[in-house]
Amino acid sequence: MIFVDGNPFPATSSRQGKEVMFGLMEHPAVVAASDAFKSLTERKFSVLEDPGLQDRRWVYLFQREYATVDPSLVDFIGTDEATTCIGVVIRNQKNGMISVTHMDSPKVVSIGLEQMLLQLAADDSDAEYDVHIVGAFDDDTPNYASSPSTTKQSSKLDGYSLPLCTKVVEALGKRQERFHMRTLFILGHNTKWDAQNIAYPIFNGLLVETSTGSVFPACFDRTTRCPDEVVRRIRVSASYEDPTWKGKLLDTYDTQTDQFVIAPCSWSFYQLNVAFALQDLSDEEILLQCSTSPSAEGPDFVNNMKRQWEYLFRHPKWQETFPTRQARVFVRSANGSWDLLPLSDKDASGHVSGI
């Protein structure tokens, strides 16, 4: 059940999903929250620009990943690189535990929310939750759809953003828990236009300050998107082939131990063949082939794709990355970096939660 400004918002059905979501977006309290969020300065999260971050603890999430953090162990949690994706933050009002995900498809919403709430509830059926949703934009607008940089696939009637946002609102509205919608900065609220009248998201990411539960627009760089960046990026696309992860968010972090536990995922030679086929394309062609929103991607999108392909060429068999299908476990070092534990140092379970 969704609450806005302390009052319940009408439940939704699949037939009414869009109507209810747009009604929620037009609620005066939601509009005011969106205006306030839009006025915030985007935080640039970078160890190079702020060396003091090495003394802080944070968790960064890639697409389709989720993590639940304890404020006593983690100072910040966030994600970025969202164009037609969304960042979802759910915070338990009683104990302050926070779960964050970067959702990329309606197919992972139902099970994904179950995964997040399972760790947040702490066997407390009366818990109430604050919710913040940031990301997606009006990629179905005529100006965006007619952009010369946009593929025919992404110019379909509803785009990619709308079905995902609708599914999340529907799923929250149908659950028994009490969700207080604090931020709904999506679609029209999160859209700007350039000189050619092409639509872009205003913000592509968010950062949660765990001690207060406050949410800010944010962007990250390679120094803060760690650990195991390339492997985690590969998992995103590989997970759609791996039946283990059907409909699920990707396990990434162990809440109790404050360790990154990169759960295993297998990739096939099909993914390798795709990489071979795409590697010789121009940067513009790579954008068109690999992105749901080519004109809205960040400047390092193509480079990130090429780094993934290079890794696959060096490690065509997934067993080289996840021997005996064990998770890759990273522990924080004294200087704030991350160390990969040898397989022999892991416990008997291999930390493979959710598999």
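Start with R235, which sits in helix α6 (residues 229-238); helices here are DSSP runs of H or I with at least four residues, numbered from the N terminus. This is a predicted model, where local features need pLDDT of at least 70, side-chain atom pairs count only at pLDDT 80 or more, and totals for chains, interfaces and linings use all residues. Residues are numbered from 1 along each chain as its sequence is written, and side-chain values use heavy atoms, with hydrogens and water left out.

R235 counts as buried because its relative accessibility is 0% (buried means under 20% relative accessible area, with a 1.4 Å probe and protein chains only). Its side chain reaches the backbone oxygen of D251 at 3.0 Å. Setting aside neighbours within four places in sequence, R235 touches E65, L250, D251, T252, I262, A263, C265 and F322 (contact means heavy atoms within 4.5 Å).

Now for the helix pairs. Helix α1 (residues 17-25) packs on helix α5 (residues 161-174) at about 85°, with axes 9 Å apart (axes are lines fitted to C-alpha atoms over the stretch in contact, and angles run from 0 to 180 degrees between N-to-C directions). That makes α1 roughly perpendicular to α5, a label for angles of 65 to 115 degrees. On the α1 side, G17, K18, M21, F22 and L24 meet L162, C165, T166, V169 and E170 of α5.

How do α7 and α9 pack, and at what angle? Helix α7 (residues 269-278) and helix α9 (residues 301-314) pack at about 125°, their axes 10 Å apart. The contact involves Q271, L272, A275, F276 and L278 of α7 with W309, L312 and F313 of α9.

Technical notes: Helix = DSSP H or I, 4+ residues; strand = E, 2+ residues; numbered from the N terminus. Buried < 20%, exposed > 50% of the residue type's maximum accessible area, 1.4 Å probe, protein only. Polar contact = N/O pair within 3.5 Å; in protein donor to acceptor, adjacent residues only side chain to side chain. Parallel < 35°, antiparallel > 145°, perpendicular 65-115°, else oblique.
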